[in-house]
Structure formats: C-alpha cells, structure tokens
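Visitor: Could you walk me through this structure? I would like to begin with the overall fold and then turn to a few residues.

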Amino acid sequence: MRNSQNLSITTTESLTADEETTWSFPGAVVGFISWLLAAGIPFLIYGPNTLFFFLYTWPFFLALMPVAVVVGIALYSLLNGKFLYTAVATALTVIAMFGILFMWLMG
C-alpha cells in the first residue's frame with residue numbers, strides 16, 4: 001500500500017511565479033546608437049580621409065558593433081533600467097573602445 005496523500009492543485013493557485021522582467025531592448029538600442037556615434041567621431045576629427053582608413057580596417061570596427069550592443073544591455077541591466085545613466089555610461093564605454101581600437105590600428 002501506498003503511504004502518501006493525494007495532492008490536488010486548485011485553479012486559484014498560480015503555477016508560475018510572477019517575476020519582474022528586465023527588457024534588454026532599450027540597452028541594445030543605446031549600444032547601437034553609441035556605436036554609430038563612435039563611428040562618426042573620426043570623421044569629425046580627420047575629415048573625409050577617414051574613409052580610406054576604414055576601407056582596410058572595417059572588419060575590426062564592425063566587430064565592435066555586437067560588443068557595443070552587449071555593453072548597452074549589460075549596463076542597462078546593471079543600472080536597474082535607469083535610461084539616462086545607461087546612455088551616458090554606454091556612450092563613454094563604446095567611444096573608449098572605438099578610440100582604443102582606432103589608435104591601435106593607426107600605430
């Protein structure tokens with residue numbers, strides 16, 4: 001014989017726990033816009049000759065795009081969804097990464 005009780009689930013009990021969801025889309029958008037901003041800064045400094053430099057080095061800068069998006073998502077999550085702080089921190093981080101890569105490739 002079985003030595004257990006029958007368990008019954010009523011319809012009033014919730015099977016799933018209500019958890020707070022964190023949306024990553026605003027962080028991803030901030031990361032992408034920061035990447036576009038960082039890509040435009042060399043044009044402001046060096047002018048149209050930057051195109052010749054980007055002609056041979058575009059894969060390096062293109063590889064920074066998903067990194068910038070992930071940085072935006074991570075900072076948005078770490079800063080608890082504070083959009084303004086996320087935008088500033090992501091922009092500074094992505095511009096620093098872009099600048100370091102740019103200076104390293106220039107020699």
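Guide: Please note that the model is predicted.

Visitor: What pattern does the chain follow along the sequence?

Guide: Read along the sequence, the pattern is α-α-α.

Visitor: How much of the chain is made up of buried residues?

Guide: Buried residues account for 25% of the 107 residues. The accessible surface of the chain is about 8,300 Å², and 70% of that surface belongs to carbon and sulfur atoms.

Visitor: And the contacts, what share is between residues 24 or more positions apart?

Guide: Among contacts with a separation of 6 or more, 72% are between residues 24 or more positions apart.

Visitor: Now to Thr90. Where is Thr90 placed, and is it buried or exposed?

Guide: Thr90 lies in helix H3, which covers residues 83–106. Thr90 counts as buried because its relative accessibility is 0%, and the cut-off for buried is under 20%.

Visitor: What does Thr90 touch, leaving out residues up to four places away in sequence?

Guide: With those left out, Thr90 touches Val30, Gly31, Ser34, Ala68, Val71, Gly72 and Leu75.

Visitor: What about Thr50: which helix is it in, and why does it count as buried?

Guide: Thr50 belongs to helix H2, residues 50–78. Thr50 counts as buried because its relative accessibility is 3%.

Visitor: Which residues does Thr50 touch, with the sequence neighbours up to four places away not counted?

Guide: Thr50 touches Pro42, Phe43 and Phe102 on that basis.

Conventions: Residues are numbered from 1 along each chain as its sequence is written. This is a predicted model: local features need pLDDT of at least 70, side-chain atom pairs count only at pLDDT 80 or more; totals for chains, interfaces and linings use all residues. Side-chain values use heavy atoms; hydrogens and water are left out. Helices (H or I, at least four residues) and strands (E, at least two) are DSSP runs, numbered from the N terminus. Buried means under 20% relative accessible area, exposed over 50%, partly exposed in between (1.4 Å probe, protein chains only). Contact means heavy atoms within 4.5 Å. Accessible areas come from the Shrake-Rupley method with a 1.4 Å probe; for residues, only the protein chains shown count as cover.
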